[in-house]
Amino acid sequence: MTVALIYNLKAEALSHLSHGDDGQQLSSPNASTSPSDSTLDLRKRHKEKDMYAEWDTEETVNAVRDAIAERYNIVMIEANEQAYPKLVTVRPDFVFNIAEGLHGVSREAQIPAMLEMLRIPYLGSDPLTLGICLDKARAKEILSYHKIPTAGFTVISSMGQFEDVRLKFPAIVKPLHEGSSKGIYNSCVVRNPDELANEVKIILDTYNEPALVEDFLPGREFTVAMLGNGDDVQVLPIVEIKFDALPDGVNPIYSYEAKWIWDQRDTPLDVFECPARIDDSLTDEISMVCRDAYRVLNCRDWSRIDVRLDSHGRPNILEINPLPGILPNPEDNSCFPKAARAVGVSYNQLINAVLDIAMKRNGITPITKTSEVAILTQ
Ligand SMILES: Nc1ncnc2c1ncn2[C@@H]1O[C@H](COP(=O)(O)OP(=O)(O)O)[C@@H](O)[C@H]1O
Ligand SMILES: [Mg+2]
């Protein structure tokens, strides 16, 4: 049986330093470590690298390839314009999709849409779920419809729109459809209309996309790795993001600076705690809200869900990541592999477990290299 791994590889020049989550590594060779650095300067400096923040490094792509190759014949397909003809020629039996795409709001949906057209079964969520989750406001609309807690929000597409908008402060301003903390800087937490207008303008100008303005959730933050489908969805040990590890005086958010600049391999920020130190009732409440979000958004096989407590201590959904980051090196603090390690599941076991889950969902009996040899020698 042949499994194709479809991926976007970050160019070598962009991937030589730093670390973080969401399937990426980003360099910051000249980055200041000062939290007082001007946001605008930082954004300019990082904009080009920022563009590829979601893509995977060679280290990640190779690690996933090696894990799959333990049991299957593997074909590597880069998610570029040649992906479609290559898929037509190769026609793999199954696809392990980790491609984040590059262009447009439907970028994560493009490869799964090709696979559906070609009727090639694949791992992970379908194009619709990937598209919806990348547009954080669309995902929040669905959550709200199902009465799943999520912060109040407004989408601002132009500076002229401000007059119609009534907002509470503090608020947080983020790009509508990015990941990997792209565009989420320390200064994105705003406390008055002037700060708000300034941040919205920066997002409209820098990313050329609407700004999502949300009520600021002041409580503890968690990220939750989920595996499985239907009644078999498993919640892995919850990871807490500990804001007391951030430099003094900065806003308590997991910002671009926190992910890419203040956290370096030689001076790591101790931001994650897994399993989170929370009591059983909060664990249950967080798990329940994540299971509900996973279900109503039709997530498949796996996802990582960000959660933050509101002022009443109630868990709210921040966002759903149906293409979770899976950096293999434990030093890189990637939360999905970290949660798996907390229950004794190694990286290769995790990759193969999700592959089994996805094949089962597709009604496919895995024919591994070992079983192929057994069949041939019968
Ligand atoms: N409504 C909110 N209230 C408080 N903090 C928030 C809110 N939205 C985002 N954040 C902070 O910003 C971080 C990044 O936001 P998120 O929507 O998860 O973006 P990304 O897709 O880049 O991970 C979160 O981990 C959290 O610390
Ligand atoms: Mg997030």
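Trainee: Which residue just after H9 takes a positive phi?

Mentor: That's Asn298, with a phi of about 55°. Keep in mind that this is a predicted model: local features need pLDDT of at least 70, side-chain atom pairs need 80 or more, and totals for chains, interfaces and linings use all residues. Residues are numbered from 1 along each chain as its sequence is written, with chains lettered from A and ligands numbered from 1 in the order written.

Trainee: What makes H9 a helix, and how does its length compare with the expected one?

Mentor: Helices are DSSP runs (H or I, at least four residues), numbered from the N terminus. H9, residues 280–296, has 17 residues. Expected span is 1.5 Å times one less than the number of residues; that gives 24 Å here, and H9 reaches 24 Å from first C-alpha to last.

Trainee: Which residues of H9 are called buried?

Mentor: Ile286, Val289, Cys290, Ala293 and Tyr294. Buried means 20 or more other C-beta atoms within 10 Å of a residue's own, exposed means 12 or fewer, and partly exposed is in between.

Trainee: How do you know whether H2 and H11 are parallel or perpendicular?

Mentor: They pack at about 70°, axes 9 Å apart. Under 35 degrees is roughly parallel, over 145 roughly antiparallel, 65 to 115 roughly perpendicular and the rest oblique, so H2 is roughly perpendicular to H11.

Note on methods: Axes are lines fitted to C-alpha atoms, for helices over the stretch in contact, and angles run from 0 to 180 degrees between N-to-C directions. Helices (H or I, at least four residues) and strands (E, at least two) are DSSP runs, numbered from the N terminus.
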